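Student: I would like a close look at one part of this model. Please take me through it step by step.

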Amino acid sequence: MVDGDLPVYLNINGTPVTADSFLDLHDDVVDGAKIQVFGGSAADPVSKLEIVGVPLHTVKIGGWHMQLDSICVMGGGDNGGGGGQP
C-alpha cells in the first residue's frame with residue numbers, strides 16, 4: 001500500500017477516520033478494531049495495513065495518490081472476520 005504521505009481515509013464498519021498518512025493510524029482503535037501499520041516511511045511509503053479485533057462488515061480505504069495492490073481477508077483467527085462467510 002502506498003499513500004504518498006498525503007491525507008488518507010479509512011472507514012471500518014461505518015466509522016470514518018482521516019489522517020495525514022496510514023502511518024499516523026498505527027495502534028489506533030476504530031469501532032473496536034485495532035489498526036496496525038507495518039513498514040513505510042516518508043522516504044519509502046510502502047506499508048502493510050492490518051485491521052484486527054472485530055468482525056469486519058465493511059471497510060473503505062481511500063486517499064489522494066494512493067495505490068492499493070492487494071486485499072487479503074483472513075478466515076477466523078484474530079480478526080474475527082470469518083473469511084467473508086455470513
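Student: Is Glu50 buried, partly exposed or exposed, and what is its relative accessibility?

Tutor: Glu50 counts as partly exposed, at 26% relative accessibility. Buried means under 20% relative accessible area, exposed over 50%, and partly exposed in between, with a 1.4 Å probe and protein chains only.

A word on the source. This is a predicted model, in which local features need pLDDT of at least 70 and side-chain atom pairs count only at pLDDT 80 or more, while totals for chains, interfaces and linings use all residues. Residues are numbered from 1 along each chain as its sequence is written, and side-chain values use heavy atoms, leaving out hydrogens and water.

Now the strand around Glu50. Strand E5 spans 48-52. Strands (E, at least two residues) are DSSP runs, numbered from the N terminus. Glu50 lies on the uncovered face of E5, together with Lys48 and Val52. Leu49 and Ile51 form the covered face.

Glu50 also forms a salt bridge with Lys48. Their closest N and O atoms are 3.1 Å apart. A salt bridge is a side-chain nitrogen of Lys or Arg within 4 Å of a carboxyl oxygen of Asp or Glu. Lys48 is partly exposed, at 47%. The whole structure holds 2 salt bridges. Lys34 and Asp27 form a salt bridge too, with 3.5 Å between the closest N and O atoms. Lys34 is partly exposed at 34%, and Asp27 is partly exposed at 41%.

Leu49 and Ile51 are among the residues that touch the most other members of the largest nonpolar core, which has 14 residues. Such a core is a set of buried Ala, Val, Leu, Ile, Met, Phe, Trp, Tyr and Cys residues joined through side-chain atoms within 4.5 Å. E5 supplies at least two residues of this core, as do E1 (8-12), E2 (15-19) and E4.

E4 is also a pairing partner. E4 and E5 run antiparallel, joined by 5 bridges. Two strands pair if DSSP finds at least two bridges between them. Ile35 has Ile51 as its bridge partner in E5.

Gln36 sits in E4, residues 33-38. Gln36 is buried, with a relative accessible area of 19%. Setting aside residues up to four places away in sequence, Gln36 touches His26, Asp27, Lys48, Leu49, Glu50 and Val52. Contact here means heavy atoms within 4.5 Å.

Methods. Helix = DSSP H or I, 4+ residues; strand = E, 2+ residues; numbered from the N terminus.
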